[in-house]
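Hi,

Here is the structure I promised you. Have a look at it first, and then read on for what turned up.

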Amino acid sequence: MLSSKEASLLAALEPRAADEGIEVVTVEVVGSRKAPTIRVYLDTPEGISFEEITTAQVWVNEIMDELDPFPGAYTLEVSSPGIDRPLRTPEHFARFAGEEVYVMTTSPIDGRSRFNARLCGFDESANCVQLAVEGDKQVAIPLGDIKKAHVKGVIDFSR
């Protein structure tokens with residue numbers, strides 16, 4: 001799911017985030033090689049406030065300055081995971097069971113590599129994400145075979 005660069009940045013940020021009572025949901029490196037963008041998504045069990053993100057921006061920036069992950073220019077973005085929350089860990093998949101999700105795999109499973117499905121949870125014994133596709137057909141996807149996954153955000157305008 002994470003590139004080696006993303007995994008190393010995540011590992012560098014997690015200890016400080018834990019001290020601050022914040023979870024680093026994920027880290028993404030996107031854009032060109034000459035001037036990439038590093039996106040750091042933060043959250044707490046109660047959700048993350050603008051003030052918490054603003055405070056976190058300072059220490060995230062300090063850690064990135066120490067690491068200098070891309071000598072030269074890069075852009076740093078620190079934000080909440082948003083409505084389409086990325087899913088990365090077994091805990092994420094267990095916590096969001098029952099939600100509609102999008103999962104992309106590294107190689108086809110049952111003839112497909114993209115799934116729009118209901119998340120049933122995470123099977124720790126098999127290290128697999130459990131999905132209900134096309135009604136109630138169950139599909140188990142090994143965690144290591146997931147390239148990308150996120151909750152499909154739903155906005156109800158009828159309220």
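A charge counts as sitting over a ring if NZ of Lys or CZ of Arg is within 6 Å of the ring centre and within 35 degrees of the ring normal. That applies to K5: its charged end sits over the ring of F70, 5.0 Å from the centre. Keep in mind that this is a predicted model. As for aromatic pairs, a search of the whole structure turns up one.

Next, the β1/β2 hairpin. Strand β1 covers residues 23–30 and runs antiparallel to β2, with seven bridges joining them. Within that pairing, V29 stands opposite I38 of β2. Six residues lie between the two strands, and G31 has a positive phi near 95° in this hairpin.

T37 belongs to β2, which spans residues 37–43. Is T37 buried or exposed? T37 counts as buried because its relative accessible area is 15%, and the cut-off for buried is under 20%. Leaving aside residues up to four places away in sequence, T37 touches E28, V29 and V30, as well as T75 and E77.

D68 has a positive phi, near 45°, and is not a glycine. You'll find D68 in the loop between α2 (50–67) and β3 (75–79), and with a relative accessible area of 36% it is partly exposed. D110 is also no glycine, yet its phi is positive at about 55°. D110 lies in the loop that links β4 (100–109) and β5 (112–123), and it is exposed, at 59% relative accessible area.

Cheers

Definitions and conventions:
Residues numbered from 1 in each chain as written. Predicted model: local features only at pLDDT ≥ 70, side-chain atom pairs only at ≥ 80, totals over all residues. Heavy atoms only, no water. Helix = DSSP H or I, 4+ residues; strand = E, 2+ residues; numbered from the N terminus. Buried < 20%, exposed > 50% of the residue type's maximum accessible area, 1.4 Å probe, protein only. Contact = heavy atoms within 4.5 Å. Pairing = 2+ DSSP bridges. Phe/Tyr/Trp six-rings, centres within 6.5 Å; stacked < 30°, edge-to-face > 60°.
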